[in-house]
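Colleague: Hi! Could you walk me through this one?
Modeller: Happy to, here it comes.

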Amino acid sequence: MASARLSTVVLDAPDAHALAGFYLRLLGYVVRAEERDWVLIGPPGGGTALSFQTEPAYVPPVWPAPAPGGRRMMLHLDIEVDDLASETARALAEGATLAAHQPQTDVRVLLDPAGHPFCLWTRQEE
């Protein structure tokens with residue numbers, strides 16, 4: 001068995017603390033550690049965390065990519081929710097914006113305050 005474990009995903013932002021605050025409110029996470037230009041948040045009971053790093057030269061990703069070879073997103077977060085409509089409204093109230101392109105009916109693509117795409121989705125009954 002591998003001894004390596006994914007501990008966190010780090011997102012660059014113009015202000016690490018501001019973006020961490022957005023995800024704290026959205027996910028109900030807690031601050032695990034912080035420095036002047038870096039914040040680590042995670043679920044209160046443990047589990048995979050998110051980190052935010054201030055990057056003065058930050059440029060938001062583009063989604064969907066406008067043309068082959070152009071600037072695009074490198075990753076996005078998928079967040080499962082029970083009620084897509086109410087959680088979308090809550091994310092918008094917290095500072096997210098709805099992406100112009102919505103490719104699926106059971107998923108809402110949003111952009112966090114720094115422009116990173118993330119998806120809210122609901123599990124479909126089979």
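**Aromatic rings and the core**

Modeller: Let's start with Phe22, which is buried (under 20% relative accessible area, 1.4 Å probe, protein chains only), its relative accessible area being 0%. This is a predicted model, where local features need pLDDT of at least 70, side-chain atom pairs count only at pLDDT 80 or more, and totals for chains, interfaces and linings use all residues. Residues are numbered from 1 along each chain as its sequence is written, and side-chain values use heavy atoms, without hydrogens and water.

Colleague: And is Tyr23 buried or exposed?

Modeller: Tyr23 is buried, with a relative accessible area of 0%.

Colleague: How do the rings of Phe22 and Tyr23 sit?

Modeller: They form an edge-to-face pair, 4.9 Å centre to centre with 85° between the planes. Ring centres must lie within 6.5 Å to pair, and planes over 60 degrees apart count as edge-to-face. Phe22, Tyr23, Phe52 and Phe118 make up one aromatic cluster.

Colleague: Which residues touch the most other members of the largest nonpolar core?

Modeller: Tyr23, Phe52, Phe118 and Leu120, in a core of 23 residues. Such a core is a set of buried Ala, Val, Leu, Ile, Met, Phe, Trp, Tyr and Cys residues joined through side-chain atoms within 4.5 Å. Its largest share, 6 residues, comes from α1, a helix (a DSSP run of H or I, at least four residues).

Colleague: Switching topic, what's the strand order in the open sheet?

Modeller: β5-β8-β7-β6, with mixed pairing; strands are DSSP E runs of at least two residues, and two pair if DSSP finds at least two bridges. β5 and β8 run parallel over 4 bridges, and Glu80 has Trp121 in β8 as its bridge partner.

How values were computed. Buried means under 20% relative accessible area, exposed over 50%, partly exposed in between (1.4 Å probe, protein chains only). Rings of Phe, Tyr and Trp (its six-membered ring) pair if their centres lie within 6.5 Å; planes under 30 degrees apart count as stacked, over 60 as edge-to-face and the rest as tilted.
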